[in-house]
Amino acid sequence: MKRFQLVISLAVCFSFVLISACGSSKIEIDPTSKPIVQQNSFPKTITVQGEEVRIEKQPQRIAALSLDAAEAVLDISGAKHLAVIPKSSTDPALAFQAEEASKVEHKIASAASLDPEQVLAFQSDLIIMTKVHNAEQDADQLLKKAGIPILSLSAWNTFEHIWTNYAWIGEAIGEEDSAKQIIDEMKAKVDEVQQKLEGVAKPSVLVISPLGPGTGPYFIGSSNISYEIVKLAGANHSADELGITRVTKASIEQIIKTDPDYILLIQWKEGDAADLDEITNTPGWQTLKAVKGNNVKIMTVKQLFYPNRYNTDSLQELARWLHPDRF
C-alpha cells in the first residue's frame, strides 16, 4: 500500500513539475509575425480593399457573378461549392474552365446586367463579383443590405491584382493552399520569362481586339491585362505612343501613324476574323511594317484579353514570338 502511494505521489509530483516548467518557460514571440490561421478555419474576417468581410462558415453555395471570379473559383476548388455563375463561364471561346463550369446548376446573364433579386433567389452564402460596370456597383450595394458576405473585387488588369484576388478568394472559400499553389506557379513562370529577357531590345507591339461579337476592332490600352503581358514579354506597347489607356475604336490611320514592329490581333472566337476585317481588309494594312515582315500574331480573348491563371502561358508564348533567340 505504501509502495502504491509512493508511486502515485511521484506521478503527481512529476506532473506538477511538468506543468510548472511549461508555465514558467519563456517563449520568444516575434512582434511582427502574423498569427497562424488553420487552413479552412471559420469563422473568419477578411479585409478586401479596406473593407472587412465576415464569413461565419465555409461557403457551400457560392455565387461567382463575374467571369474572372467564376474562373478563379473553378480553378481553385472546382464546381462543387458553386451555386451560380455567369453563362459566359461555360463558353469555351471565353473560358478555360468551361467544361467544369457546365457542372454548376445555375447560370445567369453577365455581371453587367445583374438582377440582385435573382441572385438572392439562389440562397447563396457567399457572393464574389468584380465591380466594373455601373450595374455591378449598384447591385453590390443592394446585395450587401441582404447580409450575405460579398467579396467585391477591383479590375484584374495586372498580375499582382490577379494574385491578390486569387489569395482573397482562396481564403474566403477555405482553399488557401490551392490558391497559393496557383499563385506560386504563375509567379514562377513570370520570373522565368523576366530572367530570359533581361537586357533585350524592345520592339513596339500594338494590340487590336473586338469588345464582343460584331463590335469591330478596338485598340486595347493599359486598363487591360494584355498591356502588362506585352510589357513583360519584352516589348513597348504602342498604346503608350497613341496616348491610349482605355479601349478606343481602332482606325487604320492611327495604325499607319504609329506603324508598330509587331501587331497582336485578338479574335473573339478562334478562327473568326470578321470583327477585324474592318482594319485588315483596308489597302493601308498591307503597307504596315509588321504586315510586310510577317510579324502579325493572332490570339484569342481568353488567352490575352480576359484575366486568368493561364495569362502566364500567353506571356511565355508571346515572349518566344518576340524574342525567339532567348528561348
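Mentor: Let's zoom in on Asn224, which sits in the loop between strand E9 (218-219) and helix H8 (225-232). (Helices, H or I with at least four residues, and strands, E with at least two, are DSSP runs numbered from the N terminus.) Keep in mind that this is a predicted model, where local features need pLDDT of at least 70 and side-chain atom pairs count only at pLDDT 80 or more, while totals for chains, interfaces and linings use all residues. Residues are numbered from 1 along each chain as its sequence is written, and side-chain values use heavy atoms, with hydrogens and water left out.

Is Asn224 buried or exposed? With a relative accessible area of 10%, Asn224 is buried, since that word means under 20%, with exposed being over 50% and partly exposed in between (1.4 Å probe, protein chains only). The side chain of Asn224 reaches the side chain of Ser226 in a polar contact of 2.7 Å. (That's a pair of N or O atoms within 3.5 Å; within protein, one must be able to donate a hydrogen and the other to accept it, and residues adjacent in sequence count only if both atoms are side-chain atoms.) If you skip residues up to four places away in sequence, Asn224 touches Asn157, Leu304 and Phe305, where touching means heavy atoms within 4.5 Å.

Now zoom out to the whole chain. It has 14 helices and 13 strands, and 48% of its 327 residues count as buried. Take the contacts between residues at least 6 apart in sequence: 65% of them join residues at least 24 apart.

Next, have a look at the sheet. Five strands make an open, parallel sheet in the order E5-E4-E3-E6-E7. Strand E5 (106-108) and strand E7 (150-153) are at the edges with a single partner strand each, so one side of each has no neighbour in the sheet. On average, neighbouring strands here are turned by 15° against each other, direction ignored. (Angles run from 0 to 180 degrees between N-to-C directions, and axes are lines fitted to C-alpha atoms, for helices over the stretch in contact.) Strand E4 (residues 82-86) pairs with E5 in the parallel sense over three bridges; DSSP must find at least two bridges for two strands to pair. In that pairing, Ile85 stands opposite Lys107 in E5.

How many of the residues of H2 are buried? It's 11 of 11, including Leu67, Val73, Leu74 and Ile76, but also Asp68, Glu71 and Asp75. Those buried residues pack against E3, E4, helix H3 (98-101), E6, H6 and helix H7 (176-196). Just after H2 comes Gly78, with a positive phi of about 75°. The other helix, H6 (residues 159-172), lies across E6 and E7, running at about 175° to E7.

Charged side chains are worth a stop too: a search of the whole structure turns up 13 salt bridges, each a side-chain nitrogen of Lys or Arg within 4 Å of a carboxyl oxygen of Asp or Glu. In one of them, Glu100 and Lys103 have their closest N and O atoms 2.9 Å apart. Glu100 is partly exposed at 22% relative accessible area, and Lys103 is exposed at 59%.

Another salt bridge joins Glu185 and Arg309 (3.2 Å, N to O). Glu185 lies in helix H7, and Arg309 in the loop between helix H13 (301-304) and helix H14 (311-322), so this pair ties together parts 124 residues apart in sequence. Glu185 is partly exposed at 33%, while Arg309 is buried at 14%.

Finally, salt bridges that share partners join Glu185, Lys189, Arg309 and Asp313 into one network.
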